[in-house]
Number of protein chains: 2
Amino acid sequence: MKVLITGGAGFLGRRLARKLLQLGKLKNAKGVEEKIDSLVLFDVVPADGFSDPRVTVVTGDIADPQALSRVVDAQTVSIFHLAAVVSSQAEADFDLGMRINIDAARLLFETCRRLGHCPKVLFTSSVAVYGGDLPAVVQDETALNPQSSYGIEKAIAELLLSEYSRKGFIDGRCLRLPTISVRPGKPNKAASSFASGIIREPLNNEETVCPVTADTRLWLLSPRQAVENLVFAHDLGAEAFVQNRVLNLPGVSVSVGEMVETLGRISGQAAVSKIRWESDPVVQRIIGSWPGSWDMKRAHALGFKGDKDFDSIVHAYIADDLVARRCSEI
Amino acid sequence: MKVLITGGAGFLGRRLARKLLQLGKLKNAKGVEEKIDSLVLFDVVPADGFSDPRVTVVTGDIADPQALSRVVDAQTVSIFHLAAVVSSQAEADFDLGMRINIDAARLLFETCRRLGHCPKVLFTSSVAVYGGDLPAVVQDETALNPQSSYGIEKAIAELLLSEYSRKGFIDGRCLRLPTISVRPGKPNKAASSFASGIIREPLNNEETVCPVTADTRLWLLSPRQAVENLVFAHDLGAEAFVQNRVLNLPGVSVSVGEMVETLGRISGQAAVSKIRWESDPVVQRIIGSWPGSWDMKRAHALGFKGDKDFDSIVHAYIADDLVARRCSEI
């Protein structure tokens, strides 16, 4: 089977790619395991570090119909659509956010529709679709009320995915991700970049800035569990998504203060002292509009799994990324 | 001041136009009443019946940037965006619905953005944005869960209007309309067309078909109150829409059986006998997914008014449309 990952050069795309190559197979539309013959990693920059003969790396603009038609064809059975402009960047560059987060998603769904074979499309949405006056724990029935360009764009893409699925054009499955932490690599233009930075940088003996207050509550998921859940969602039978194409993934609710306490407990006060607290009202406003927790009943009933607690999240980063980074430096 | 009505040839557009011409003024962005010098009625077919010198009738395709740039300019202070592909038509012609209900709305907002003077944009959405398992009375906090192309498209246009408003590109105000009844004129391709037809046709001594069961519950508003509320929403201060750009208008909750009882009470059993009950599963599915009632607290607090009951709705039709129709036939 042929599988496409958009945003394939991103940290989640590459991690998912490694997972798929390691598994070597996925369930097809009939629920039967099938070998992955071809894995296309599509992004605006090349996905590096893959020597596996099953991998094809393609670069291009995902909002360009011609570029997209080069990577989606009648053999493309499954698509993981991870390409996105992140939150602070979408807020700063309105047109770019609309183009990638809405138009490219619609173009992808439309490309699938034209091909007519109803591929599985796994899509990642975000906590950012919620906002405004939220209950302590967001429910499946809680109205979306995004307060950022990124949130609006993800909410619209969710609706498009649901509609293209209802029409039978795609088999769309959307996972609303908690904020991903601890993300490896460098800081990015996500408003939530600090949610990884305040752990990652101190663990690597680097200084970092925390732009929000210690009582700011976050809803977190490790990259490891995000990838596990993407594969799990892909392999579920279509009946799991008939009533609702969008699923809130499990997360861990933790305040920024508690995150820093965990860091201190695991790595000591020297690590904690690497954090400079410097409030950024734009980031605080965006992050403060996101829910600190949502109900996990549906996700758990379907078999999705979150992290045990924030300690587990930090330990997952140390095992999955920090060790690899240290080794690569030797 | 220059005012634009898109969908200006539709029954609601024409009725709103007559109301605006009669009022002669609207409040501008500063809350000061200003004379309406120019009223542009834009639609795919000409809005007929207007000899007032303030009126300009323009025909064109609202999803065409050039056509739109002919009717929206730097002098356009207020826009009532009523143009839409109705529910059954949007369900039958997916591309047309997407083009008019999403793309044209976005193009309109984008045109306003490029002009840079932040006009008021009044937009009408629908009960159809709700669906699935709904509470007995839908609340402002109830999640949108549209089950039709029309509903998805209106939900997406709402999100776009909110975002363009948050960004300061437009002063958008969206009214979610109950099903409009009793609509004058001929049946149309709205799934809810029967909600007018089962009253209008019998009152005009014509046969009609009711495609849904008698226990189907509808949420109704008369054309008279719809127009009153559009003007009222336009003239409210911007602070009314800061927290939420979308407002659920008041309605009357009534079953189709109760509607027919009202018809009998007002016009006798001969009128009732004009209704043939012939179920249509497509219409029943679409209409059955819409809420039969929603909470009116916010609308009432802001001063919006619905109809007293379904009897008042029928009497409004008789006074506003039936008499005029009879007179035109003499």
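Modeller: In this predicted model, a residue is called buried if 20 or more other C-beta atoms lie within 10 Å of its own, with C-beta atoms placed from the backbone.

Biologist: Which residues of α8(A) are buried, and within what arc do they fall?

Modeller: By that cut-off, the buried residues in α8(A) are A:Val256, A:Met259 and A:Leu263. An α-helix has 3.6 residues a turn, so residues three or four places apart point the same way. Seen down the axis of α8(A), the buried residues line one face of the helix, because they fall within an arc of 55°.

Biologist: What does α8(A) reach from its first C-alpha to its last, and which residue follows the helix?

Modeller: Helix α8 of chain A, residues 256-267, has twelve residues, and its reach of 16 Å is close to the 16 Å expected at 1.5 Å a residue. After α8(A) comes a residue whose phi is positive, near 95°, namely A:Gly268.

Biologist: Are α5(A) and α5(B) roughly parallel or roughly antiparallel to each other?

Modeller: The two helices, each spanning residues 149-166 of its chain, pack with their axes 10 Å apart and at an angle of about 170°. Angles over 145 degrees count as roughly antiparallel, and α5(A) and α5(B) are therefore roughly antiparallel.

Biologist: Which element gives the most to the side of chain A that touches chain B?

Modeller: The contact takes 13 residues from chain A and 13 residues from chain B. On the side of chain A, the residues divide into seven nonpolar, three polar and three charged. The element that gives the most to this side, with seven residues, is α5(A).

Terms used. Residues numbered from 1 in each chain as written. Chains lettered and ligands numbered in written order. Predicted model: local features only at pLDDT ≥ 70, side-chain atom pairs only at ≥ 80, totals over all residues. Helix = DSSP H or I, 4+ residues; strand = E, 2+ residues; numbered from the N terminus. Expected span 1.5 Å × (residues − 1). Buried ≥ 20, exposed ≤ 12 C-beta atoms within 10 Å, placed from the backbone. Arc of directions from axis to C-beta. Axes fitted to C-alpha atoms, helices over the stretch in contact; angles between N-to-C directions. Parallel < 35°, antiparallel > 145°, perpendicular 65-115°, else oblique. Contact = placed C-beta atoms within 7 Å. Nonpolar A, V, L, I, M, F, W, Y, C, P; charged D, E, K, R; others polar.
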